[in-house]
Amino acid sequence: MSLFENTLKQIRKASSIMDLDEDIERIMSVPQRKIEMQVPVKMDDGSLKIFPAFRVQHNNYMGPYKGGIRYHQQVDAEEVLALSAWMTIKCAVVNIPLGGGKGGIIVNPKELSEGEKERLTRRYVQLLAPAIGPDRDVPAPDVNTNAKIMSWIADEYSKIVGKDSPGVVTGKPVGQGGSEGRGEATAQGGVYVLNEYIKHEGLDPKNLKVVVQGFGNAGGIAAKLLVEDGYQLIGASDSQGGIVCSHSIDPNELMQCKVEKNSVKNCGLHVTQLHDVEGVDCKEVSNEELLEEECDVLVLAALENQITKENAPRIKAKIILELANGPVHPEGDEILNENGVVAIPDILANAGGVTVSYFEMLQNADGNYWSEERVKGELQDIMVKAWKDVKCNAEKHQSTLREAAFITALSRLEAKIRERGSF
Ligand code: NAD
């Protein structure tokens, strides 16, 4: 099953529970526009390489298309399509006036020099420029793209349209029109929602053991914020493997050690020594083993389809926080539900990133820049409101949080489409 078929399955499930108008379901099941490009780049050795690239504009009923650009060798049209549809749904869950889009280039950026990466990015923008813009379609960073690449996009687009247009992308460096708090936003938004869930269930973070899969931007920052809020971090992994400890791990030390030793899997001894307590220990685990560790909260912050029908029966966590997009396959999801594992779904849990991107667009539009405190406060208000809306729908329809998040989004999209008399 492709990633987009997973998305369609989720839309169909929510539609049937809420009795969504069939025509609205059909609109949500297809993208409005798919752009396919071939991007020629002069390499440093003088040769020419052509990189296939995409931008999918799924839906703009709520506002301009919005979504990241991914540079990865495994990007494909179906993946970009699925991610674009999730963006439409995600923006509607948190009720911000943005639609859904996503882009990608089939490239292994680790094989490119800095100059080659810049030429690839600028050429991609030249091909895409007629379709994007601050009121039309606003890209952002995703896997393997960052603030520097966003600056190149803003610069190239500004040259093409003949005026300074920082609002064509979000996720820029703060000095270039970026927003304070964007780096932490995805993790922070997820932690706000998890805290609400924990409060609702009458649980105390101090008694909850957390394992994080994907100790990168979203996962590493989530670990830090969770420990600040009293949770115990006992395990973490990255692409090379992970560790699980009998004591709580200091996420800042782990982050520093990961930089020095290249992977968290090499940091067991280091984080144990810091504790200076006899009997405590860390063991090295594979990526598969980490997911099945005994813990209360499993944070998924790496890739798609990490929990499937194969490993779902062995998951021991009681709560899953989905910071990655699509980390639980629908078949795995069914098994988790049967076993009483609660998944806080990606379209709610990781919506903090696009929410602060929206704040960045507002700040670019009127040139008035917000403090980090203001960003965090406004983000918390939006995430807590979205959580309450989703919880309310889950109770009303006796559904899972994932189904309720889709229902929340689809009702808003349906209302918007009808108000506009669009069909
Ligand atoms: P990142 O590259 O900073 O971090 C990803 C981490 O996952 C890295 O540490 C990598 O080594 C690790 N990883 C890769 N394969 C793994 C595996 N099999 N097992 C364990 N770890 C593995 O990327 P990020 O920005 O933190 O994004 C992570 C996920 O969150 C992606 O799915 C992304 O789409 C999603 N997301 C990110 C944001 C954001 O603002 N960063 C927003 C929404 C969604």
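Student: Which residue forms a disulfide with cysteine 245?

Tutor: Cysteine 282 does, and the sulfur atoms of the two residues are 2.1 Å apart. A disulfide here is a pair of cysteine sulfur atoms within 2.5 Å. The model is predicted: local features need pLDDT of at least 70, side-chain atom pairs count only at pLDDT 80 or more, and totals for chains, interfaces and linings use all residues. Residues are numbered from 1 along each chain as its sequence is written, and side-chain values use heavy atoms, with hydrogens and water left out.

Student: Why is the disulfide of cysteine 245 and cysteine 282 right-handed?

Tutor: The torsion about its S-S bond is about 100°, so this disulfide is right-handed.

Student: Where do the two cysteines of that pair lie in the chain?

Tutor: Cysteine 245 is in strand S8 (residues 241-245) and cysteine 282 is in strand S9 (residues 282-285). They are 37 residues apart, so the pair links distant parts of the chain. Strands (E, at least two residues) and helices (H or I, at least four) are DSSP runs, numbered from the N terminus.

Student: How many disulfides does the structure hold?

Tutor: It holds two.

Student: Changing topic, what are the domains?

Tutor: The domain assignment gives domain 1 (36-176) and domain 2 (179-423); such bounds come from an automatic or database assignment. The C-alpha centres of the two domains lie 25 Å apart.

Student: How many residues are in contact between them?

Tutor: In domain 1, 30 residues are in contact with 33 residues of domain 2, where contact means heavy atoms within 4.5 Å. The area buried between the domains is about 2700 Å², and carbon and sulfur atoms give 70% of this area. Buried area is the accessible area (1.4 Å probe) that two parts lose on being put together, summed over both.

Student: Which three residues of domain 1 supply more of its buried area than any other three?

Tutor: They are Tyr61, Lys90 and Val93, with 26% of the area that domain 1 buries against domain 2.

Student: And how many salt bridges are there between domain 1 and domain 2?

Tutor: There are two. A salt bridge is a side-chain nitrogen of Lys or Arg within 4 Å of a carboxyl oxygen of Asp or Glu. The whole structure holds 33 salt bridges. One of these joins glutamate 360 to lysine 172, with the closest N and O atoms 2.7 Å apart.

Student: What about glutamate 156 and lysine 159?

Tutor: Their side chains also meet in a salt bridge, at 3.6 Å from N to O. Glutamate 156 and lysine 159 are three residues apart in helix H5 (residues 147-161), so about one helical turn separates them.
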